[in-house]
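Here's a quick briefing for anyone meeting this structure for the first time.

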Amino acid sequence: MNILINWYSVTAAVVLWDNMLSGTIQLMCGVSQGEVLSPVLFAVYVNDIIVTLSESGAGCYYDNMFVGCVMYADDLLLLSASLCDLQLMISICYKEMDELNIRLNLKKSQIVRIGRLCTSYACNVVIDGTSIEFVDELKYLRLYILSSKSFKISLHHMRVCFYQCFNSLYARCSNFSEPVLQYLVNTYCKPYLLYCSDVITWNKSDLSSISHAFNSDMCKIYKVKYKSLACIYQFTGQSDIVRDIQDRRNSFITSLYYSHNEVFSHSARVM
């Protein structure tokens with residue numbers, strides 16, 4: 001503890017601009033960006049927020065386990081079955097963060113409704129007197145969660161990112177051989193379609209949409225028609241992207257099953 005206290009007590013920074021260094025600026029708060037210990041220290045610092053929320057009785061529960069708060073670094077996601085509980089949880093967060101000298105970013109705070117009443121009128125939910133915006137899609141990390149009658153992820157944004165990456169790569173590397181292009185697409189473009197695919201329950205329409213996006217670009221690389229792509233895959237050893245998603249999901253569920261985290265292991269048994 002003394003090492004950490006001393007370490008953060010003498011932390012300072014300088015600004016580099018046009019090959020000139022500013023004077024030393026002592027850092028009075030925060031953790032060092034990119035360091036291995038920083039996420040742990042930040043998690044300890046904000047832990048009271050999660051504890052207070054779990055003790056409030058508000059928010060969502062999964063077989064009597066509190067799952068109403070999902071926090072990844074400073075990205076906080078609150079899950080509630082009612083707007084009244086959501087307002088209570090936001091008020092708790094605001095109070096706890098005020099004591100920790102942390103401010104909620106009102107411009108980035110949004111609400112997305114999921115369920116059969118997602119389009120019906122809803123009363124305002126406020127932070128410090130300011131209403132939070134209800135949106136049709138909510139970006140969390142790199143996923144876009146849609147407001148609908150059931151939980152849905154927007155495939156549009158995933159496909160757009162994939163096509164942008166592929167077109168940029170193909171414009172610069174179109175003279176490369178097909179195996180090299182395939183390798184580059186698998187390395188740099190394909191992850192846009194596979195991001196979080198192992199934790200989402202896709203329907204046949206979603207899988208078909210993902211498969212079409214990837215296969216259409218494979219046809220462009222090998223200059224073949226869609227019906228000939230199966231032969232190309234068999235010859236090159238390229239696996240179908242739908243099979244990749246299924247394999248990733250099976251591997252993910254297995255890892256959850258053997259996890260020491262109670263919520264994760266229980267979720268795996270249900271899945």
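Arg103 and Asp98 join their side chains in a salt bridge, at 3.5 Å from N to O; the term asks for a side-chain nitrogen of Lys or Arg within 4 Å of a carboxyl oxygen of Asp or Glu. Keep in mind that this is a predicted model, where local features need pLDDT of at least 70, side-chain atom pairs count only at pLDDT 80 or more, and totals for chains, interfaces and linings use all residues. Residues are numbered from 1 along each chain as its sequence is written, and side-chain values use heavy atoms, with hydrogens and water left out.

**Salt bridges**

- The structure has three salt bridges. Side chains of opposite charge can pair when their charged atoms come close.
- How open is the Arg103 and Asp98 pair? Arg103 is exposed at 57% relative accessibility, while Asp98 is partly exposed at 43%. Here buried means under 20% relative accessible area, exposed over 50%, and partly exposed in between (1.4 Å probe, protein chains only).
- Lys95 and Glu99 form another salt bridge, with 3.0 Å from N to O. They sit four residues apart in helix α3 (residues 83–99), so about one helical turn separates them. Glu99 is exposed, at 55% relative accessible area.
- Lys190 pairs with Asp244, and their closest N and O atoms are 2.5 Å apart. Lys190 and Asp244 are both buried.

**The chain as a whole**

- The C-alpha trace spans about 65 × 60 × 40 Å along its principal axes.
- Buried residues make up 32% of the 271 in the chain.
- Take the contacts (heavy atoms within 4.5 Å) between residues at least 6 apart in sequence: 52% of them join residues at least 24 apart.

**Residues to look up**

- Ser91 belongs to helix α3 and is partly exposed, with 38% relative accessibility. Ser91 and Asp128 are 37 residues apart in sequence, and their C-alpha atoms are 8.3 Å apart in space.
- Gln182 is part of helix α5. Is Gln182 buried or exposed? At 9% relative accessibility, Gln182 is buried.
- Which residues does Gln182 touch, not counting those up to four places away in sequence? They are Met218, Ile221, Tyr222, Thr236 and Gln238.
- Glu178 is in helix α5 too, and it is partly exposed at 32% relative accessible area.
- Leaving aside neighbours within four places in sequence, Glu178 is in contact with Ile221 and Tyr222. Glu178 and Lys220 are 42 residues apart in sequence and 9.9 Å apart from C-alpha to C-alpha.

Key:
Helices (H or I, at least four residues) and strands (E, at least two) are DSSP runs, numbered from the N terminus.
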